[in-house]
Amino acid sequence: PAPGGLSQPTQDRKEALMTFLWPQFLWLLLTLPLLVLLYLWLLRRRKALALRYASLSIVKEAMGKGPGIRRHIPPVLFLLALAAMLVAAARPFAVVTLPSQQETIILAMDVSGSMRATDVKPNRLVASQVAAKAFLEELPRNVRVGIVAFAGTAQVVQPPTLSREDLVAAIDKFQMQRATAIGSAIVIALAELFPDQGIDLDAVARASGRPRAMAIDAAPKKPQKEFTPVAPGSYNSAAIILLTDGQRTTGVDTLEAAKMAADRGVRIYTVGIGTVDGETIGFEGWSMRVRLDEETLKKIALQTQGEYFYAGTAENLKAVYEKLGSRLTVEKKETEVSGLLALVAAVLALLAGGLSMLWFNRVL
């Protein structure tokens, strides 16, 4: 997207308004016009019978003003109840917004030296820390959050917890290091989410070119278990938010790590912080130009059915986290709504019968 934009959807999602498991039952709706015709015929027949009385005008004067439009309200309500019941019989499914079932979120945050760049005020790291802490405040208290910090290596600095105080303390302790191992951060996050799958953490250490004890802070390696890939984005109990400002310079290949997440159904929401053109920074006698690798971040999000967000300023970054909070606390899900329609039909039918008894002392 253009610099300063808020977000970039990774793909177009076309959602049908409603689908039906048994659509053949919808043909029964054709009986409703027949019922309307039958009702009109009964009204005309009743009028024709009334005209047979020679003293009809006297009867009308004795009765006063007739029911008028009220006589049609109960039948109309009953007709709507029938329509709702017939649609419910077809077992409709609709995409509705429901509370999310996600229980765990892993924040994978870049702490590489490029995060000292000041194009995002006061600098990229501080802006990311402030936005992350604001994000934690908005999350429901039943959502566990873990934090992975990565630079040349990746490590779990806070296992998933409900304690917001522990999370804030871990964020405040970030220390910048050299290099950027984005892929390693994804693998470490997956190992934290799936401790029983025997994810090869030694491979992460070898890819970083360091002994495992220095490369990660995680549980000991467990025996490999047979793994069966699932559909991307199908695991609704956890998600990864990946925030970075640069390009991978070491560690596991980023897209290979993204495939590992996709095979486990975990969505990765990527957040790119900084300017697209980059900035030259210097530290301890060295200098380098740091650029945001948007293309790779978009591929990660696309591959895992997540979403990419661009945060070019501190204000953008805060807005991104606010949007992510709403994404992760509610979700759109295809749900059968036949029960709801059956309830509507029952209410309409009872209302029709009740009004008819109240006004005319009869049920329809």
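Arg-91 counts as partly exposed because its relative accessibility is 25%, where partly exposed sits between buried (under 20% relative accessible area) and exposed (over 50%), with a 1.4 Å probe and protein chains only. This is a predicted model, so local features need pLDDT of at least 70 and side-chain atom pairs count only at pLDDT 80 or more, while totals for chains, interfaces and linings use all residues. Residues are numbered from 1 along each chain as its sequence is written, and side-chain values use heavy atoms, with hydrogens and water left out.

**The chain overall**
- You're looking at 12 helices and 12 strands; these are DSSP runs numbered from the N terminus, with helices (H or I) of at least four residues and strands (E) of at least two.
- Of the chain's 364 residues, 41% count as buried.
- The chain exposes about 19,500 Å², and carbon and sulfur atoms supply 59% of that (Shrake-Rupley method, 1.4 Å probe; for residues, only the protein chains shown count as cover).

**Nonpolar cores**
- A nonpolar core here is a set of buried Ala, Val, Leu, Ile, Met, Phe, Trp, Tyr and Cys residues joined through side-chain atoms within 4.5 Å.
- The largest one has 35 residues, and those touching the most other members include Leu-107, Phe-135, Ile-241 and Leu-317.
- Elements giving it two or more residues include strand S4 (104–110), helix H4 (124–138), strand S7 (238–244) and helix H11 (314–329).
- H4 brings the largest share of this core, with 6 residues.
- Setting aside neighbours within four places in sequence, Leu-317 is in contact (heavy atoms within 4.5 Å) with residues including Ala-127, Ala-131, Leu-243 and Val-271.
- There's also a second, separate core of 33 residues, with Ala-189, Ala-238, Ala-301 and Tyr-308 among them.

**Surface patch**
- Leu-21, Trp-22, Phe-25 and Leu-28 make a nonpolar patch on the surface, with about 350 Å² of accessible area together.
- Phe-25 lies in the loop between strand S2 (18–20) and helix H1 (31–50), and it counts as partly exposed because its relative accessibility is 31%.

- Most residues other than glycine have a negative phi, and most peptide bonds are trans.
- Lys-121 and Pro-122 are joined by a cis peptide bond, with omega about -5°; Pro-122 is in the loop between S4 and H4.
- Arg-91 isn't a glycine, yet has a positive phi of about 55°.
- You'll find Arg-91 in the loop between helix H3 (73–89) and strand S3 (92–99).

Terms used. Patch = residues over 30% accessible without salt bridge, like charges linked within 9 Å, V, L, I, M, F, W, Y side chains within 5 Å. Salt bridge = Lys/Arg side-chain N within 4 Å of Asp/Glu carboxyl O.
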